[in-house]
Amino acid sequence: MRFQLIGVNHKSAPLEIRERLAIPESRLPDTCRELTAYPGIEEGMVISTCNRVEVVTHTVNGHADLRGFLHDHFHLKPEELDAHLYEFREKDAVRHIFRVAASLDSMVVGEAQILGQVKEAYATARAVGAVRGQLDQLFSRAFAVAKRVRTETAVGSSSVSIASVAVELAKKIFGSLHGKNVFIVGAGKMSELAARHLMAHGCGSIFVANRTYERAIGLAQKFDGQAIKFEDLYSTCDRADIVITSTGAPHAIFRREHGEQFLARRKNRPMFFIDIAVPRDVSQDMAKLDGIFAYDIDDLQQAVSSHVADRRKEAERAEEIIAGEVERFEARLQTLDVVPTIVSLQDHLETIRQAEIDRVRGRMGQLTPEQEMAVEALTRGIINKVMHTPITTLKSAARESEATTVVDVVRRLFNLQVKGKEAGDPAAAKKAEVGTRQ
Amino acid sequence: MSLLWLRFALGCYFVGLIYAFVALTRTSDLFSRIALHAASLGMVFHFVSLVEVFVSGQFVWASVHNGESLLAFISMSFFMLIYAIYQTTSPGVVVFPIVFFLTFVAAMDEQPVLLTALVSHKGWLVAHIILIFTGYAALVLSFGASLLYLLQESRLKSKKATSLISFLPALEVIDQIGYRSLLLGFPFMTLGLLTGSVVALTTYGKVDFLDPKILLSVLMWAVYMIMVFTRWNSGWRGRRAAFLATFAFVAALAAWAANYFSTIHRFAAS
């Protein structure tokens with residue numbers, strides 16, 4: 001596991017720096033090629049979004065000069081850039097990628113866009129051949145982890161803007177919003193935004209009423225809706241299931257008697273009032289009626305902040321999932337690592353060779369140094385020839401998904417038992433024990 | 001043997017019962033899935049138990065235990081039907097405890113209680129029992145839905161509904177579940193009472209309206225009808241509908257309990 005990652009994000013670097021590092025989509029393939037051509041780098045890809053620029057690599061020895069790459073590529077001086085960079089290696093790099101894909105490192109935690117962006121970056125790098133075995137494994141896992149976080153925690157499920165909270169509440173009342181009618185009372189930016197959100201979730205027709213009739217017509221046209229004269233407000237309002245009200249009236253314009261009228265005409269089907277006016281447009285006693293659900297700006301604001309708190313709690317759970325997944329990924333990579341198997345195979349055959357030489361040496365009597373060397377060369381030659389194909393197969397398998405199968409077959413064929421947990425570490429791999437039972 | 005299957009079913013429904021209590025305080029997708037699977041498994045055992053008792057010829061239509069078992073099974077079927085349509089397990093909060101209770105009583109190893117009167121027209125009796133139980137099951141569900149409606153309404157009114165922890169379906173969905181169960185149950189209940197009257201007529205030659213069982217049954221039916229009417233006519237829902245549903249449910253319970261006071265619908269240990 002020789003992953004190495006370097007980058008900047010919204011927390012580590014100001015916008016000016018991120019702007020200078022941002023790579024336009026059209027330049028991404030070339031950047032990936034350039035990256036893999038850089039010394040010490042086997043595979044590499046670049047994630048470039050408005051909030052982050054990250055270079056993810058799998059390196060030859062785990063110590064590639066990624067900073068150097070950034071300096072060269074962007075023609076930036078170390079003193080300009082280095083203070084804003086973060087760098088992760090191995091397990092930390094894996095964790096970071098998992099967190100990014102699961103949207104835990106985002107500015108708005110849980111937003112869904114980042115996963116799509118990472119997937120695109122991955123596809124681009126893969127298309128130019130910059131992502132092969134190891135990064136492929138890493139990102140496939142990262143996408144699976146992101147999906148798991150999304151399904152097992154509610155980190156991405158709750159919305160944080162007032163408009164989207166309003167949509168969510170409407171859904172809690174009506175279930176599906178398809179065919180529900182919306183009434184905008186008092187044309188304003190915020191009501192327009194809320195209406196847009198509701199329409200995006202399938203609401204049917206829109207009615208607009210405003211003191212100035214022309215403005216009502218203007219807004220109604222935007223939504224393909226119907227402008228209503230303000231005098232007709234009370235006689236038409238019951239046609240709407242959701243009322244967004246934001247007039248500048250000094251007193252409540254919807255009072256209990258209006259609510260009772262509406263409900264009677266609607267056969268008590270519920271109505272949802274989104275009251276974003278200050279002072280409020282819906283009176284307190286009307287809000288108490290059965291079937292009238294009125295949320296004022298404070299209620300909505302509170303819902304927004306409770307969502308933020310909920311998200312934080314869910315993010316903690318997501319972090320736990322990721323910690324577990326990083327461990328699992330590490331363990332999986334270790335089984336995929338072919339180095340220990342190759343080492344055990346070499347050791348195994350060497351032991352056999354030595355044993356056989358020792359066995360026949362007695363029968364052959366004293367050998368001259370030349371004869372000794374010839375025997376040595378002959379046996380070594382045989383062993384190397386025999387081992388050539390299995391080793392190349394193992395090495396090429398390491399870059400494919402079939403690695404585990406091949407490793408398993410070779411181990412079984414030669415009865416190899418690899419112990420030692422740090423299989424990725426060559427020193428430990430050398431120590432790998434060889435089963436010599438025959 | 002059938003009792004054994006019934007007890008297995010009871011064990012499964014117990015998981016549902018636990019779910020019913022837990023679901024009121026916190027939401028767990030995993031747990032609702034477990035409860036759903038346990039309930040399905042319970043229904044399989046339950047079905048086997050019913051079939052076995054039926055095939056072995058021991059099924060006595062007028063036995064209280066068999067009746068309770070059948071009622072529990074029909075209620076569960078309704079629950080599953082709702083799950084299939086609305087993908088929600090929340091009616092289980094009400095249905096599971098009731099089903100558990102019914103199955104529990106039915107699975108007790110006591111002498112079956114039999115209707116004392118000898119019924120001459122068995123076909124009518126069978127029709128009466130199945131129809132009225134379907135009606136009861138629909139009523140149970142409608143009652144459950146109206147309680148959930150109240151709960152959801154009060155959450156929305158108290159402005160706490162925005163919390164992530166909300167297992168209840170949308171208000172209108174709950175309302176639909178309740179209304180549809182009500183509509184579906186009404187013809188069954190009506191026909192059930194009519195067939196019951198036929199049984200009474202053929203057995204006793206008259207329908208004694210002063211008998212507590214009949215009085216309460218008619219009362220229950222009247223409340224049921226008022227519920228359907230007010231809902232259809234003026235869209236009553238929420239608190240008023242819940243009051244009516246509770247009243248109908250209590251009337252149904254009373255009608256059930258009236259077996260012990262009724263002279264014509266009496267069960268006795270055989």
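In this predicted model, the axes of helix 6 and helix 7 (residues 212-234) of chain B come within 10 Å and cross at roughly 145°. The crossing of these two helices is left-handed. Helix 6 of chain B also takes part in the contact with chain A, where it gives the most residues on the chain B side. The points below cover the helices of chain B, their packing, one helix pair in chain A, and the contact between the chains.

**Helix 6 with helix 7, chain B**
- Helix 6 of chain B contributes Tyr179(B), Leu182(B), Leu183(B), Phe186(B), Met189(B), Thr190(B) and Leu193(B) to this contact.
- Helix 7 of chain B answers with Ser217(B), Trp221(B), Tyr224(B), Met227(B), Val228(B) and Arg231(B).
- By class, the contact residues of helix 6 and helix 7 of chain B are 10 nonpolar, two polar and one charged.

**Helix 7 with helix 8, chain B**
- The axes of helix 7 and helix 8 of chain B come within 8 Å.
- They cross at roughly 160°, and helix 7 and helix 8 of chain B are therefore roughly antiparallel to each other.
- This crossing of helix 7 and helix 8 of chain B is left-handed.
- On helix 7 of chain B, the contact residues include Lys213(B), Leu216(B), Leu219(B), Met220(B), Val223(B) and Ile226(B).
- On helix 8 of chain B, they include Leu244(B) and Phe247(B), along with alanines such as Ala241(B), Ala245(B), Ala248(B) and Ala251(B).
- The contact residues of helix 7 and helix 8 of chain B divide into 16 nonpolar, one polar and two charged.

- Helix 6 of chain B runs over residues 171-204, which is 34 residues.
- From first C-alpha to last, helix 6 of chain B reaches 47 Å, close to the expected 50 Å.
- Helix 6 of chain B bends by about 30° at Gly185(B).
- A proline, Pro187(B), follows that bend within four residues.
- Just after helix 6 of chain B, Gly205(B) has a positive phi of about 85°.
- Helix 5 of chain B has 36 residues and should span 52 Å at 1.5 Å a residue; its end C-alpha atoms are 52 Å apart, so the two agree.

**Helix 8 with helix 9, chain A**
- In chain A, the axes of helix 8 (residues 162-174) and helix 9 (residues 189-200) come within 9 Å and cross at roughly 45°.
- That angle makes helix 8 of chain A oblique to helix 9 of chain A.
- The crossing of helix 8 and helix 9 of chain A is right-handed.
- Helix 8 of chain A supplies Ala163(A), Ser164(A), Ala166(A), Val167(A) and Ala170(A).
- Helix 9 of chain A supplies Leu193(A), Ala194(A), His197(A) and Leu198(A).
- The contact residues of helix 8 and helix 9 of chain A are seven nonpolar, two polar and no charged.

**Contact between chains A and B**
- The contact takes 18 residues from chain B and 24 residues from chain A.
- Helix 5 (122-157), helix 6 and helix 8 (238-257) of chain B each supply at least two residues of the side that touches chain A.
- Helix 6 of chain B gives the most to that side, with three residues.
- The side of chain B that touches chain A has eight nonpolar, five polar and five charged residues.

How values were computed: Residues numbered from 1 in each chain as written. Chains lettered and ligands numbered in written order. Predicted model: local features only at pLDDT ≥ 70, side-chain atom pairs only at ≥ 80, totals over all residues. Expected span 1.5 Å × (residues − 1). Bend = angle between axes of the 7 residues up to and from the residue. Axes fitted to C-alpha atoms, helices over the stretch in contact; angles between N-to-C directions. Parallel < 35°, antiparallel > 145°, perpendicular 65-115°, else oblique. Left-handed = near helix turned anticlockwise from the far one by under 90°. Contact = placed C-beta atoms within 7 Å. Nonpolar A, V, L, I, M, F, W, Y, C, P; charged D, E, K, R; others polar.
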